[in-house]
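Welcome to this guided tour. Please open the structure in your viewer and keep the selection tool at hand.

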Amino acid sequence: MTHDSEHDAEAAKPTVRTQAKRQVKGQTQAALIPTDLAKQFAWFGVRLVVSYSVVAVVVDGLSPLLEVLIARGARNLLASVSSPYYLKTIEWVQEGFAVSTWIGPLRDGFKLPSLSFIFSFAIGYVLALPGFLGAAYWLRALAVVLTSFFVCSLAVAIVSDARLTAALGQLEIAMQPAWRASASNFVQFYLWMLTVRLYPMLMVVLLTWESGAFRKVPRASTAVRRFRTVAVASLALLLVIAMSFDPFAERRIERVEAESMTERIEAIALTTPDLGRGLVKLAEHMHRQRDTRGALQIYRRALDQLEGAERREVLETYNRIHESFKEQLLEDSKARRSQRARPRR
């Protein structure tokens, strides 16, 4: 063998070695995304689109009933952690949620259009997972439905609490601790991010891991089995809460509704030292809304809470409005008598 031949052979060795390395590297890269897994992802994407579309249509069709149930759940949640005199009700009326309190006609309304996505996406995702014929599949789906309903009810309860606290705050009536008002405002500010972003992402991660989708496992691991046990226990707890809170909240509402306005004011005064000033502001608000009869009622309750010069000033206002109200009633009475006295043709 000549010197040149030996040199060529030596030069060829790195090339062969390099080709072998490239071949191994290519095989490793190909193994990262197996063909079967890629097909599985693609097929799951199709199922997810179909499942979410069907669920969204069904949820939209059931929206009136669903919104009523969510409002009921929100009322029960908020009533369970509040004074009986704080919340009157949360209800679904005219394409929006309405929240009211027992003090006067304090009422606020709002809309949460994102609830449809919150409810539909998680359910659509869990129904797109494999295992349609297994009991775990349907138990998982039921758990997601209840969890989504709980999240939606909690979102409505948080917004209602923030709105009601703000309305009472304008009247200088504090029926909730300051820390709770701050917490409600904070969560309401980040509510869209927590519900529309964090909740779906968390459900995707948990459901994918728990179901064993996209990975071959002969049997569930210990961690998965423990998670399923906790999930079933949580599901049972949610059912108990849903069944017990509704009659509890209903009894509280009926009890407060049976009380007189005087009894309600006395109960609220125990936690609100300056309730008199708040009642005066409420009466002024009602008078501006042309509810003179209601305003006079609240003025009378405010006089019981005030003293000194402040009470005398409010009493003068009350007497002035009362005289004007009596004159208006007298004029209306004369007009009705005059109308009845006209001969019929």
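Start with the charged pairs: across the whole structure, a search finds 10 salt bridges, each one a side-chain nitrogen of Lys or Arg within 4 Å of a carboxyl oxygen of Asp or Glu. Side chains of opposite charge can pair when their charged atoms come close. Before you select any of them, note that this is a predicted model, in which local features need pLDDT of at least 70, side-chain atom pairs count only at pLDDT 80 or more, and totals for chains, interfaces and linings use all residues. Residues are numbered from 1 along each chain as its sequence is written, and side-chain values use heavy atoms, with hydrogens and water left out.

**Stop 1: charged pairs**

Select glutamate 250 and arginine 72, whose side chains form a salt bridge with an N to O distance of 3.2 Å. Glutamate 250 belongs to helix H8 (residues 222–258) and arginine 72 to helix H3 (residues 63–80), so this pair ties together parts that are 178 residues apart in sequence. Helices are DSSP runs of H or I with at least four residues, strands are runs of E with at least two, and both are numbered from the N terminus. Glutamate 250 has a relative accessible area of 26% and is partly exposed; arginine 72, with 35%, is partly exposed too. (Buried means under 20% relative accessible area, exposed means over 50%, and partly exposed lies in between, with a 1.4 Å probe and protein chains only.)

Next, pick arginine 107 and glutamate 91, a salt bridge in which the closest N and O atoms are 2.8 Å apart. Here arginine 107 in strand S3 (residues 107–110) is linked with glutamate 91 in strand S1 (residues 89–93), 16 residues apart. Arginine 107 is partly exposed at 48% relative accessible area, and glutamate 91 is partly exposed at 29%.

Arginine 163 sits in helix H5 (residues 135–170) and aspartate 108 in strand S3, so parts 55 residues apart in sequence are tied together. Both partners count as partly exposed, arginine 163 at 29% and aspartate 108 at 27% relative accessibility. Now select Arg72, Arg75, Asp246 and Glu250 together: salt bridges that share partners join them into one network.

**Stop 2: the strands**

Show S1 and strand S2 (residues 96–100), which run antiparallel and are joined by 5 bridges; strands count as paired if DSSP finds at least two bridges between them. Tryptophan 92 is the residue opposite phenylalanine 97 in S2. The hairpin of S1 and S2 has 2 residues between the strands, and glutamine 94 there takes a positive phi near 50 degrees.

Is S2 buried or exposed? Buried: 5 of the 5 residues of S2 are buried, so the strand is largely enclosed by the rest of the structure.

**Stop 3: the nonpolar core**

In soluble globular proteins, nonpolar side chains tend to be buried together. The largest nonpolar core here has 72 residues, and Leu87, Ile90, Leu115, Val156 and Met175 touch the most other members. (Such a core is a set of buried Ala, Val, Leu, Ile, Met, Phe, Trp, Tyr and Cys residues joined through side-chain atoms within 4.5 Å.) H5 gives the most to this core, with 10 residues.

Center on isoleucine 90. Leaving out residues up to four places away in sequence, isoleucine 90 touches Ala71, Ala74, Arg75, Leu78, Ala98, Val99, Val156 and Ser160, where contact means heavy atoms within 4.5 Å.

**Stop 4: the whole chain**

Zoom out to see 12 helices and 3 strands in the protein chain. Of its 345 residues, 35% count as buried. Among contacts with a separation of 6 or more, 67% are between residues 24 or more positions apart.
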